[in-house]
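My notes follow in the order I took them.

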Amino acid sequence: MRRSLKTKLFLSILLLTSIILGLVWFFNVKYLGSYYIERKKDNLVSYSNHIKNIYKGDTRKIYDELERIENLIGGNITIVASNGEIEYPISYRPQYGRMGRGFIPISKEDLKEILSGGTVIKIFKHPKFDIRILSVVTPLSSDKILIIQSSVASIEEGIDIIKDYYIYIAIISLIIGIILTFILTKIITEPILRLNKVARKMANLDFSHKYNVVSTDEIGQLGESLNYLSEKLSFTIDELNKANKKLREDIEKERRLDKMRKEFISNVSHELKTPIALIKGYAEGLKDNVIDDIESKNFYCEVIMDEAEKMSKLVKDLLDLSQLESGHYSLNKEKFNICNLVDKVLNKYSPIFKEKNINVSIKKDDDKMYVNGDRVRLEQVLVNLINNALNHIGAERVLEVAIRRLSNNAIISIYNSGNFIPEDEIDRIWESFYKVDKSRARKYGGTGLGLSIVKNILKLHNSNYGVRNVKNGVEFWFELELISIDNKNY
Ligand SMILES: Nc1ncnc2c1ncn2[C@@H]1O[C@H](COP(=O)(O)OP(=O)(O)O)[C@@H](O)[C@H]1O
Ligand SMILES: [Mg+2]
């Protein structure tokens with residue numbers, strides 16, 4: 001059976017108390033009587049010595065003292081002269097023929113001993129009553145004998161009283177003992193129970209509970225150690241968890257990177273496959289002389305040059321993108337008027353607009369909107385977006401560029417008439433190599449990297465950007481934070 005510490009302690013202390021009480025009881029019953037009689041004997045002897053000391057030959061002079069002593073010891077004193085006359089007590093009347101209280105059955109040897117100055121101490125049974133009497137008999141002077149007697153019955157009665165009394169004391173002590181033991185075990189076990197509770201929580205990796213140290217004893221110290229252990233463990237497990245989380249994140253990142261690399265390689269190979277096959281086919285055609293006329297030859301050469309140009313553009317875009325995505329590309333920032341940059345790009349395109357019969361318009365809230373950015377990279381953004389607009393412009397042939405001021409930002413938007421981008425694909429067009437219509441992209445030489453480059457440049461500028469399908473077309477937009485300029489010409 002498993003007993004709790006509390007029960008064990010309680011029973012131990014109770015047992016100890018009972019043993020002590022039992023021992024006291026045992027010694028009382030067994031030895032208290034004889035010890036008491038011994039003491040009484042000593043007492044009587046010392047009184048007899050006292051009487052011998054004060055006796056100066058005349059018994060009458062010590063009557064009072066003798067009476068006092070009789071009352072003190074609860075016994076009686078007898079003084080007998082050698083002629084048999086009883087000198088004390090004075091009320092003794094031998095003529096009534098009664099056995100006097102001074103009677104003592106002394107043996108001859110005892111008498112010899114007394115007459116030679118010795119003292120006889122004896123317990124004898126009263127010849128008439130069933131009473132035991134303790135007597136001390138000693139010579140008072142050369143012709144007188146002193147007898148001091150005390151009933152042993154009174155002694156035994158005293159012992160019986162003590163024994164009765166002891167039972168009450170034992171019962172009361174036991175009750176008080178049980179209560180004290182109860183309190184004591186509670187005081188001792190309570191902190192241990194609290195320690196145990198904390199330790200159990202710790203075992204379940206719950207370190208939020210602390211032991212409240214109230215004492216400086218061993219248990220208090222144990223509590224402190226437990227708290228320290230808990231803190232250490234909690235810290236270490238936290239660190240471990242953090243390290244573990246980081247490790248998992250790293251693995252996840254590595255996995256994603258690996259996936260991206262694989263996708264990238266497959267995308268690049270895919271992009272290169274068509275131009276390489278075309279170049280190979282047309283070059284072989286040229287070499288094998290399957291064609292004789294110069295026109296066809298020119299056509300073959302043009303295809304080869306065209307495909308080589310596409311490959312070159314792809315490689316340039318890839319290099320750009322890898323630079324921008326490297327994570328340590330730093331922009332070459334300067335303060336300039338974004339309106340001027342937009343005008344400049346549109347000017348460059350004006351022959352193309354004319355040639356393609358495009359209906360261009362530009363709307364500006366203001367002519368001077370200064371931003372802090374990389375002029376070359378932002379030009380690249382504009383060029384990419386305008387190129388895309390031209391590639392998807394549709395039959396209406398409308399292109400609208402706008403620069404709006406919205407609180408502290410310039411919002412540059414480029415709208416082209418044309419087909420919507422399907423809503424379920426609109427978020428993916430910013431991914432590398434993503435094209436909504438692949439065969440169409442191939443016709444205008446698209447690699448699917450343009451918007452990815454745009455996205456990276458704008459992210460480096462901390463700019464918001466986006467695309468939405470609007471009335472009869474598509475609008476791309478991006479924000480640039482405006483800066484205040486004190487009449488300076490940038
Ligand atoms: N102005 C636009 N109108 C409609 N679709 C567009 C427009 N701009 C981009 N897209 C779609 O987004 C895709 C990705 O664009 P981009 O990254 O520039 O690649 P690319 O121009 O080489 O095809 C395009 O293939 C096209 O499907
Ligand atoms: Mg493009």
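**Helix H5.** I started with H5, residues 218-287, which has 70 residues and reaches 99 Å from its first C-alpha to its last, close to the 104 Å expected at 1.5 Å a residue. Helices here are DSSP runs of H or I with at least four residues, strands are E runs of at least two, and both are numbered from the N terminus. The expected span is 1.5 Å times one less than the number of residues.

Where does H5 bend? I found a bend of about 30° at Lys273, with Pro275 following within four residues. The bend is the angle between axes fitted to the seven residues ending at a position and the seven starting there. Buried residues of H5 include Ile219, Leu226, Val268, Glu271 and Pro275. Buried means under 20% relative accessible area, exposed over 50%, and partly exposed in between, with a 1.4 Å probe and protein chains only. Just after H5, Asn289 has a positive phi of about 55°.

**Ground rules.** I noted that this is a predicted model, where local features need pLDDT of at least 70 and side-chain atom pairs count only at pLDDT 80 or more, while totals for chains, interfaces and linings use all residues. Residues are numbered from 1 along each chain as its sequence is written, chains are lettered from A and ligands numbered from 1 in the order in which they are written, and side-chain values use heavy atoms, leaving out hydrogens and water.

**Helix H7.** H7 runs over residues 338-355, and its end C-alpha atoms are 26 Å apart, which agrees with the 26 Å its 18 residues should span at 1.5 Å a residue. At its start, a side-chain oxygen of Asn337 comes to within 3.0 Å of the backbone nitrogen of Cys339. H7 bends by about 45° at Tyr349, and Pro351 follows within four residues. Tyr349 is buried, as are Cys339 and Phe353, among others in H7.

Asn357 sits in the loop between H7 and strand S7 (359-364), and its phi is positive, near 60°. I count Asn357 as exposed because its relative accessibility is 58%.

**Ligand 1.** Which residues come nearest to ligand 1? Of the 18 around it, they are Asn388, Asn416, Tyr444, Gly448 and Leu451; a residue is near if one of its heavy atoms lies within 4 Å. By class, the shell has 10 nonpolar, 7 polar and 1 charged residues. Helix H8 (375-391), helix H10 (450-460) and strand S12 (473-481) each supply at least two residues of that shell.

An oxygen of ligand 1 is 3.0 Å from a polar backbone atom of Val436. The protein covers 95% of the 530 Å² of accessible area that ligand 1 has on its own.

Lys144 is in strand S5 (residues 144-151), and it counts as buried because its relative accessibility is 10%. The Lys144 and Tyr55 side chains are joined by a polar contact of 2.6 Å; such a contact is a pair of N or O atoms within 3.5 Å.

The peptide bond from Tyr88 to Pro89 is cis, with omega near 0°. Pro89 lies in the loop between strand S2 (86-88) and helix H3 (108-115). Asn472, in the loop between strand S11 (465-470) and S12, has a positive phi near 60°. I flagged these because most residues other than glycine have a negative phi, and most peptide bonds are trans.

Technical notes. Polar contact = N/O pair within 3.5 Å; in protein donor to acceptor, adjacent residues only side chain to side chain. Areas by Shrake-Rupley, 256 points an atom, 1.4 Å probe, with all protein chains shown as cover. Nonpolar A, V, L, I, M, F, W, Y, C, P; charged D, E, K, R; others polar.
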